[in-house]
Amino acid sequence: MAGGETGKELSSFLHSGIYRFPNSNAVFMDPVRVLNDSYTRFRVSPSSYYSRFCEPKENEDVRIPGGESRKRKRKKGKHDLNERERSAEKRHQEARPFLLTAHEALLGAWDLLSFLSDLKRDGCHLGNKGSSHERKDNELSFVGLGSVWQAPLYEMSLHFYSQKKQGGDEGMQLVRHGEGVVVPIFSNLVSNETNDDAEAEFLDRWFILPRKSCFHMSDLGQIRNLIPADSAHLFNLIVIDPPWENRSVHQKSVYPMLPNRNLLSLPVKQLAHTEGALVALWVTNREKLRVFVEKELFPAWDVLNVTEFYWLKVKADGSLIGELDLFHHRPYECLLLGYISGKGTNTEHASFKTLQDNQVIISIPGDHSRKPPIGKLLLDYIPGPKPARQEQKRMIATILLSGRKGRKHPEWFQFFSNCIAKISQLLVI
């Protein structure tokens, strides 16, 4: 890559959070920079987001995909793969060339590699966009709080602000409106319709709601309440991240899981915009799960033209977080995308922009199971009108699901909505 072109791409990355490798199927993403586009007065703390920041230890061998490490662990005895495992291995071998090519593109971008170790630092060239706040205690378990009998009594206090011009050349003054609005936090749509960040207080903790955003947390039985009465408020992009059934996750009790078949009841078709919607579903590498999605789930949702992306996870030095060919712990996850025709379009004649298959998103992972924000990458493929200000009519729905924490606790969902290019997040401060 030429020096001038390299500097231009890095400069663009510092502003957008996305580094596009030339002539490649891959991009590198800094989720912190992407998320910061959602906020006006605040920014996400890099050291908080990258709390699991993977840095190579001293004297640790950097493993090159397909190569051998000098320090070899004792290998377990090989066993014959069953039919599902053979199918999963076949999928991996089909993905492998694309993943290797993407990783080689990252290793060849010296300007970006030299910058990665700075991503965790709060002062990493993010400008003076606002204050950064570290999480000083553990996050609240909203799933646990919403499952107890006191849940209907829990309330959140919202504080709204606006910018008011001061006299002379003194600039803008931040003005708070009233004493705050108190709303139920569970089984209720909590929204910030203003053009500025709203501050919210709940159980002596503070949260930030980005401008033009909302969220809804409730048990799965209430999910149909998300369907808006006004078709103008339906969604052009629907991102779903389920807690798929997983034996190792169950053994480690990382998070409660959701039976796969429960996803069939999600009202995805009813949430899709009348002009169509792009559906993005995060999946694991389990073959049983992939067959379920392809044969049952997507047909039930009327999702067509399915395309596959990959999320490749790396450390701060650009090396993979694990061996590429390790069967049960691949250093990548899959994102399945497809289109739903809206009520106003004919399924057979619907015209959607074709997604390029086998694209790779590279990033350093944050907290366990936290996915990178993908809305900005999909802007050009989302159906619907493209007005001068896209955020006026093109909406994102992000649905995070949770399984049972016990027999007495229902399955749970968290719903976030924000205007396009501004992924909804609750930022703990």
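Guide: In helix α9, the residues E287, L289, R290, F292, V293, L297, F298 and W301 are buried, where buried means under 20% relative accessible area, exposed over 50% and partly exposed in between (1.4 Å probe, protein chains only). This is a predicted model, in which local features need pLDDT of at least 70 and side-chain atom pairs count only at pLDDT 80 or more, while totals for chains, interfaces and linings use all residues. Residues are numbered from 1 along each chain as its sequence is written, and side-chain values use heavy atoms, with hydrogens and water left out.

Helix α9 covers residues 287–301 and reaches 20 Å from its first C-alpha to its last, close to the 21 Å expected; the expected span is 1.5 Å times one less than the number of residues. Helices (H or I, at least four residues) and strands (E, at least two) are DSSP runs, numbered from the N terminus. A kink of about 45° is centred on V293, the bend being the angle between axes fitted to the seven residues ending there and the seven starting there. Just after α9, D302 takes a positive phi of about 60°.

The buried residues of α9 pack against several elements, including α4 (83–108), β12 (277–283) and β13 (304–313), contact meaning heavy atoms within 4.5 Å.

Salt bridges follow. Each is a side-chain nitrogen of Lys or Arg within 4 Å of a carboxyl oxygen of Asp or Glu. The side chains of R330 and E89 meet in one, at 3.0 Å from N to O. R330 lies in the loop between β13 and β14 and E89 in helix α4, so the pair ties together parts 241 residues apart in sequence. Salt bridges that share partners also join R91, E287, R290, E294 and E308 into one network.
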